[in-house]
Structures are given as structure tokens and as C-alpha cells.
Amino acid sequence: MGTVDSLKSETRSSSVLLPENSNSRQSFSRKSRILHSAKIYCLSVGKRFILYVVVAACFILAFISLNSKLSFETYDYSKAEFNWKYDPRSKGLVPYDNKLDDYNILLDAHSHTTSSDGRLSPKQLVDLAISNGYNAIIVSDHNTISGGLKAEKYAKEAHPNDIIVIPAMEYS
Ligand SMILES: [Zn+2]
């Protein structure tokens, strides 16, 4: 019974104290509400900030990769020279099938010049083939035979004993 009395008195005393403290309680709950909404706001701003950083990083990476690719694409080969000659037989290169005896043709069967999307002129392409030991190439530009004809003309005039050029065209 004594505990019930003390509980009652506590309840009574708190109910008596409540009106005196109601102002500070209200301001406290308003503060906590403001703090709570500030916390939510900060969290959402933080999330958004992280999202922006990730998106910006993606854009920067895309830009860097695209830029390096573009700078690679625009590399100027117009002054490139291939003024040496390599004979693969001098390195003891043997044919895959010995029954065929010594090979006498090393053919690049697919090449492009500046007449389509290649980076080398017909002359440069012929020089490159000779410098790498080829003695026959098929110049097969996209939808045009002009690169192949130019390469053939140059090869016949400048390197008649070094290389055979077969003009061709790649339909695409
Ligand atoms: Zn091709």
C-alpha cells in the first residue's frame, strides 16, 4: 500500500510540475524536431553530393578515355617513312608445310589506305609492306579501288622486284 501511495504522490507531483515546465518541454520538442529534420536534410544532401561526385567521376573518366581515343585517331601519319627493307628469310623463317618447299610469297591480304579509312597513303602502305618483309599485298579499301590502283602504280614504278600489289575493294 505504501508503494501505491508513493506512486500516487509522484503522479500528483508530476502533474503539478507539468504546467510549470510545459514551455521548456515544448521548446525542447521543437528543438529535437528541428534537429531531426536537419539530420534528414543533411543525409539527403550527403547522398546527393555522393551521387554528384560519382556522376562527375564517370563524366571525367568518359572524357579522358574519349579524348585519348580522339588524340590517337587524329595522330598524323602523313610524314611517316618506312625506308628500310626486311627479309624474313634472313631470320630462318620456315614454311608451315615443308612439302611446299621454301615459300616465296608473304602476302598481306587485307589493307586500307587514306582512300578510305586507312592512315597511310598508298605509297606509305607499299613502303611499310616492303619494310616488314612482305612481297605481296592486297590493297582493299572500303568501296573504292583508287587506293589499290595508286599503290599498284607506285609499286610497279618504284619497287618492281620487291612487291606485287593486287588492287581490290572491300564492299561495306
Ligand atoms: Zn577492311
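**View 1. Helix α2 and its buried residues.** In α2, the buried residues are Pro122, Gln124, Leu125, Val126, Asp127, Ala129 and Ile130. A residue is buried if 20 or more other C-beta atoms lie within 10 Å of its own, exposed if 12 or fewer, and partly exposed in between, with C-beta atoms placed from the backbone. Helices (H or I, at least four residues) and strands (E, at least two) are DSSP runs, numbered from the N terminus. Helix α2 spans residues 122–131, and seven of its ten residues are buried, so the rest of the structure largely encloses it. The cover over these buried residues includes β1 (107–111), β2 (136–142), α3 (146–158) and β3 (164–170). After α2 comes Gly133, with a positive phi near 90°.

This is a predicted model: local features need pLDDT of at least 70, side-chain atom pairs count only at pLDDT 80 or more, and totals for chains, interfaces and linings use all residues. Residues are numbered from 1 along each chain as its sequence is written.

**View 2. The largest nonpolar core.** Twelve residues build this core: Leu120, Leu125, Val126, Ala129, Ile130, Tyr134, Ile137, Val139, Ala151, Ala155, Ile163 and Val165. Two or more residues come from each of α2, β2 and α3. Helix α2 gives the largest share, four residues. A nonpolar core is a set of buried Ala, Val, Leu, Ile, Met, Phe, Trp, Tyr and Cys residues joined through C-beta atoms within 7 Å.

**View 3. Around Leu125.** Which residues are in contact with Leu125, leaving aside its neighbours within four places in sequence? They are Ser111, Thr113, Gly118, Leu120, Val139 and Ala151. Two residues are in contact if their C-beta atoms, placed from the backbone, lie within 7 Å.

**View 4. The sheet.** Three strands form an open sheet in the order β1-β2-β3, with parallel pairing. Two strands pair if DSSP finds at least two bridges between them. β1 and β3 stand at the edges with a single partner strand each, so one side of each has no neighbour in the sheet. From one strand to the next, the twist averages 15°. Helix α2 packs on the sheet and touches β1, β2 and β3. The direction of α2 makes about 145° with that of β2. Axes are lines fitted to C-alpha atoms, for helices over the stretch in contact, and angles run from 0 to 180 degrees between N-to-C directions.

**View 5. From β2 over α3 to β3.** β2, α3 and β3 make a right-handed β-α-β unit. Right-handed means that, with the strands pointing away from the viewer, the path from the first strand over the helix to the second runs clockwise. Seven bridges join the parallel strands β2 and β3. Ile137 has Val165 in β3 as its bridge partner, and Ser140 has Ala168. Helix α3 lies across β2 and β3, at about 175° to β3.

View 6. An unreviewed UniProt entry lists residues 49–66 as "transmembrane region". UniProt positions follow the numbering used here, feature names are shortened, and annotations may be inferred rather than shown by experiment. The span is 100% helix and 0% strand, and its end C-alpha atoms lie 25 Å apart.
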